[in-house]
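Try each task yourself before reading its solution.

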Amino acid sequence: AGDESDIEILENGMTETKTTVKDAAYRLETAAHAKLLEFEDSSIEINDRSKRPKKTFTTGMGKRVKEYKKRVWAARGNVGKFDAAAVSIIEYEALKQMEQQQQPGTPAGHRNVRSYFNRI
């Protein structure tokens, strides 16, 4: 659900039926929302009747993506002014690993205190 074939359907929308285009758009929307919830450590609850997620997704989506990018920015050890456009989205598992590597008390941009003192 929500793969490259759905993107192709939307790109060729004029040659596809209206139902096919709507179904492809729905699958892409659902996949995007599922990924956003994964980034937020949330689980998706599906309503059996409509197969739509119960949680409202569209409200504040930009803010939610920006918060995720801030986590990526911090996990990479960046300092200074945050620039959302310069930060690319990474998989959630990779972010968790990066956050675990940032040990408490370690200066930003360093994996351990020794590397910090070696630079001074």
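**Exercise 1. Find where K70 and E67 lie, then examine how their side chains pair.**

Step 1. K70 and E67 sit together in helix α3, 3 residues apart, which is about one turn of the helix. Helices (H or I, at least four residues) and strands (E, at least two) are DSSP runs, numbered from the N terminus.

Step 2. A word on the model: it is predicted, so local features need pLDDT of at least 70 and side-chain atom pairs count only at pLDDT 80 or more, while totals for chains, interfaces and linings use all residues. Residues are numbered from 1 along each chain as its sequence is written, and side-chain values use heavy atoms, with hydrogens and water left out.

Step 3. Side chains of opposite charge can pair when their charged atoms come close. The test for a salt bridge is a side-chain nitrogen of Lys or Arg within 4 Å of a carboxyl oxygen of Asp or Glu. K70 and E67 meet it, with their closest N and O atoms 3.9 Å apart.

Step 4. Now check accessibility: buried means under 20% relative accessible area, exposed over 50%, and partly exposed in between (1.4 Å probe, protein chains only). K70, at 35%, is partly exposed, and E67 is partly exposed at 39%.

**Exercise 2. Describe the salt bridges of E99 with R71 and of R27 with D6.**

Step 1. By the rule above, the count comes to 4 salt bridges.

Step 2. In the bridge between E99 and R71, the closest N and O atoms are 3.0 Å apart. E99 belongs to helix α4 and R71 to helix α3, so this pair ties together parts 28 residues apart in sequence. E99 is partly exposed at 29% relative accessible area, and R71 is partly exposed at 27%.

Step 3. R27 and D6 also form a salt bridge, at 2.6 Å from N to O. This pair links distant parts of the chain: R27 is in helix α2 (residues 18-39) and D6 in helix α1 (residues 4-11), 21 residues apart.

Step 4. The two partners can be compared by burial: D6 is buried, with a relative accessible area of 2%, whereas R27 is partly exposed at 29%.

**Exercise 3. Which side chain of opposite charge is nearest to K69, and how far away is it?**

Step 1. Apply the charges: Lys and Arg count as positive and Asp and Glu as negative, with His and the chain ends not counted. For K69, the nearest side chain of opposite charge is D83, 8.1 Å away. K69 is buried yet has no salt bridge.

Step 2. Look for another polar partner. A polar atom of the K69 side chain lies 3.1 Å from the backbone oxygen of A84.

Step 3. List the surroundings, where contact means heavy atoms within 4.5 Å. Setting aside neighbours within four places in sequence, K69 contacts F82, A84, V87 and I89.

**Exercise 4. Which residues make up the largest nonpolar core?**

Step 1. A nonpolar core is a set of buried Ala, Val, Leu, Ile, Met, Phe, Trp, Tyr and Cys residues joined through side-chain atoms within 4.5 Å. The largest one has 9 residues: F39, Y68, V72, W73, A75, V87, I90, Y92 and L95.

Step 2. Helices α3 (61-75) and α4 (92-101) each supply at least two residues of this core. The largest share, 4 residues, comes from α3.

Step 3. Take F39 as one member: not counting residues up to four places away in sequence, F39 touches Y68, R71, I89, I90, E91 and Y92.

**Exercise 5. How many aromatic pairs does the structure hold?**

Step 1. Rings of Phe, Tyr and Trp (its six-membered ring) pair if their centres lie within 6.5 Å; planes under 30 degrees apart count as stacked, over 60 as edge-to-face and the rest as tilted. The structure holds 1 such pair.

Step 2. The ring centres of W73 and F82 are 5.6 Å apart and their planes are at 85°, so the pair is edge-to-face.

Step 3. W73 is buried at 16% relative accessibility, whereas F82 is partly exposed at 22%.

Definitions and conventions
Polar contact = N/O pair within 3.5 Å; in protein donor to acceptor, adjacent residues only side chain to side chain.
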